[in-house]
Amino acid sequence: MIIPKENRLTESQLREICDIVESFGCRVQEIVGAHRNIYAILGDERHELMFTRLIGLTYVDRVDHIESSYRLLDRESELAKQRLVLGGNALGEAPLFIAGPCTVDPENPELTIETAHAVKEAGAQLLRGGVWKPRTMPYSYQGNPEALNILLKAREQTGLPLVVEVMDERQLEAALEAKVEVLQIGTRNALNYSLLKAVGRLSAPTESWVLLKRGRHIAEPDEFLSAAEYLAAEGNPRILLCPRGTMPKLDGYRNHPDESITQLLKEKTWAPVICDPSHSTGRAIYVPAAALAAIAYGADGLVIEANAEPLKGIGDDPKQALTPESLGKLIRQSKALWHLLKNEE
Ligand code: PEP
Ligand code: MN
């Protein structure tokens, strides 16, 4: 939709616009108003270059997109009809709970194994755990591939599918070889388009899902959805969208909690939204309220950092992991709220 600066385009301006639009296989339809005319673009209007050329015209005020740039992720896409089942759990039919340590400590494998059993007991259906860690400081613990073997052992013992973050293709290949059920793309790589493409392409022929975290500096839901579109465009539509807080942070929190974006995302896409209140708030005492808010906003599930003994954990666990008891209570409350809201719809 083209909005001119003046009330209407002159004939030569309209000719120039038609030439641009028609060169992209679309047509212009003039809509005559009492005071102002607007100009609809008919056809597949998702050509970025067409938009850039139109916006570059001095007499054009605005060009609005009617269709979204994420055609596969869009609610209107054919993909919206699929039934989504992850590790035997049908998404949207009951909330999904992912829990586990921030970081698997290769020096204390027993703690991860104990935590895996404990989160399962508390009601989690998937086990998360950091093998390779994106750390702000180069001197902090960066991860260790040995941690993957500990998670594989935990999976074998508990039957819980795994969620593991990958930051490059080498890690991606190792995770795919281990048949990790969910590949996490963290907030720092949320706009790393080369990684998004590699993950989409290499996971496409497998059964792996992708948990895509929302970038810390992403303001617009459309930017988040376009990043997810990269995965689907490369052949893997098994995507979980994960709001995890943005910057600048809210005083007292680690980030600015952004669970409320869930409702907007659900209006735009069919992709399930799994919120991460652990990173959005950054403190164990704030996690339950943010988690319940996420459910109230319509989230399909939660990913929560939890540790059998948070103070013995590494990475974020000492400050933000829930104990198995508080995780169990939160899962019970989340389920109750979810069913209450669904039943009264
Ligand atoms: C994590 O899940 O432990 C993590 C590092 O996540 P994020 O990318 O959201 O910071
Ligand atoms: Mn963490």
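## Helices α5 and α6

In this predicted model, helices α5 and α6 are roughly parallel to each other (angle under 35 degrees), because their axes cross at roughly 25 degrees. Helix α5 spans residues 169-177 and helix α6 residues 193-203; helices are DSSP runs of H or I with at least four residues, numbered from the N terminus. The two axes come within 10 Å of each other, an axis being a line fitted to C-alpha atoms over the stretch in contact, with angles from 0 to 180 degrees between N-to-C directions. The crossing is right-handed (near helix turned clockwise from the far one by less than a right angle).

On the α5 side, E169, L172 and L176 make the contact, and on the α6 side A198, V199, L202 and S203 do so (C-beta atoms, placed from the backbone, within 7 Å). Sorted by class, this contact has five nonpolar residues, one polar and one charged; Ala, Val, Leu, Ile, Met, Phe, Trp, Tyr, Cys and Pro count as nonpolar, Asp, Glu, Lys and Arg as charged, and the others, Gly among them, as polar.

## Helices α10 and α12

Helix α10 covers residues 287-296 and helix α12 residues 324-343. Their axes approach within 9 Å and cross at roughly 25 degrees, so α10 and α12 are roughly parallel to each other. The crossing of this pair is right-handed.

In α10, residues P288, A291, L292, I295 and A296 meet L330, Q333, S334, L337, W338 and L341 of α12. The contact of α10 with α12 has nine nonpolar and two polar residues, and no charged ones.

## Helices α3 and α4

Helices α3 (residues 109-122) and α4 (residues 146-158) have axes that come within 9 Å and cross at roughly 35 degrees. Here α3 passes α4 in a right-handed crossing.

From α3, residues P109, T112, I113, A116, H117 and K120 meet I150, L151, K153, A154, Q157 and T158 from α4. The contact of α3 with α4 divides into six nonpolar, four polar and two charged residues.

## Ligand 1

Around ligand 1 are C102, G130, P134, E165, G186, T187, R188, K213, R244 and H279 (C-beta atom, placed from the backbone, within 6 Å). This shell has four charged, four polar and two nonpolar residues.

## Domains

The domain assignment, automatic or from a database, gives domain 1 (2-63) and domain 2 (78-343). The C-alpha centres of domain 1 and domain 2 lie 43 Å apart.

## Conventions

Residues are numbered from 1 along each chain as its sequence is written, while chains are lettered from A and ligands numbered from 1 in the order in which they are written. Since the model is predicted, local features need pLDDT of at least 70 and side-chain atom pairs count only at pLDDT 80 or more, whereas totals for chains, interfaces and linings use all residues.

Key: Helices (H or I, at least four residues) and strands (E, at least two) are DSSP runs, numbered from the N terminus. Angles under 35 degrees count as roughly parallel, over 145 as roughly antiparallel, 65 to 115 as roughly perpendicular and the rest as oblique. Two residues are in contact if their C-beta atoms, placed from the backbone, lie within 7 Å.
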